[in-house]
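Here are my notes for you, written as numbered points. Keep the picture open while you read, and look up each residue as you go.

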Amino acid sequence: RGDAEVLQVSEKVLKSAAEHRTVRAEAAKVLQEVALAGNMSVVAALESSISDPDRFVRLNVVHALAIHAKVEDRAFQTLQALTEDQDRAIQKAAQGAIDRIDVQDEYDEEDYEGF
């Protein structure tokens, strides 16, 4: 029950323009740490924040999306969109997350060769 409540509050805070930018950025971190990979409600909340005016909120959204992008195509597509963000740091973080996912996929495939 506790994790569900934490996720629900964090999603709401992340999407709230009335919340201070630091609070929204921390909410994205919570969603990164607490949510199970592929949680569609969390992915939707993260997606809704890719246009947040604060670069640190968007940066934390990138890191949180990376957890979900390994198992959820919608999150991966959102990361791809963030490679076109107006902020170069966000672009680089999104591309780095995609590159790490691609490298991990290659290792996973190699683990099963020869079986």
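1. A word on the model itself. This is a predicted model, where local features need pLDDT of at least 70 and side-chain atom pairs count only at pLDDT 80 or more, while totals for chains, interfaces and linings use all residues. Residues are numbered from 1 along each chain as its sequence is written, and side-chain values use heavy atoms, with hydrogens and water left out.

2. The overall make-up. Helices here are DSSP runs of H or I with at least four residues, strands are runs of E with at least two, and both are numbered from the N terminus. Of the 115 residues, 40% count as buried. Buried means under 20% relative accessible area, exposed means over 50%, and partly exposed is in between (1.4 Å probe, protein chains only).

3. Contacts along the chain. Take contacts between residues at least 6 apart in sequence: 59% of them join residues at least 24 apart. A contact means heavy atoms within 4.5 Å.

4. How α2 sits against α4. Two packed helices are described by the angle between their axes and the distance between the axes. For α2 and α4, the axes come within 8 Å and cross at roughly 10°. Axes are lines fitted to C-alpha atoms, for helices over the stretch in contact, with angles from 0 to 180 degrees between N-to-C directions. The two helices are therefore roughly parallel; angles under 35 degrees get that label, over 145 is roughly antiparallel, 65 to 115 roughly perpendicular, and the rest oblique. Among the α2 residues that take part are R24, A28 and L31, and α4 brings residues including F56, V61 and I67. The contact divides into 8 nonpolar, 4 polar and 4 charged residues. (Ala, Val, Leu, Ile, Met, Phe, Trp, Tyr, Cys and Pro count as nonpolar, Asp, Glu, Lys and Arg as charged, and the others, Gly among them, as polar.)

5. How α4 sits against α5. These axes come within 8 Å and cross at roughly 145°. V62, L65, A66, H68 and A69 of α4 meet A75, F76, T78, L79 and L82 of α5. Which classes of residue make up this contact? There are 8 nonpolar, 2 polar and no charged residues.

6. Salt bridges. The whole structure has 6 of them, each a side-chain nitrogen of Lys or Arg within 4 Å of a carboxyl oxygen of Asp or Glu. One pairs R24 with D52, with the closest N and O atoms 2.8 Å apart. R24 is in α2 and D52 in the loop between α3 and α4, 28 residues apart, and both are buried. Another joins E26 and K29 (3.4 Å, N to O); these sit 3 residues apart in α2, so about one helical turn separates them.

7. R55 and D87. Their side chains form a salt bridge as well, at 2.7 Å from N to O. R55 lies in α4 and D87 in the loop between α5 and α6, so the pair ties together parts 32 residues apart in sequence. R55 is partly exposed, at 37%, whereas D87 is buried, at 14%.

8. Have a look at R58. Is R58 buried or exposed? With 3% relative accessibility, R58 counts as buried. R58 belongs to α4 (residues 55-69). Leaving aside neighbours within four places in sequence, its contacts include D52, P53, D87 and I90.
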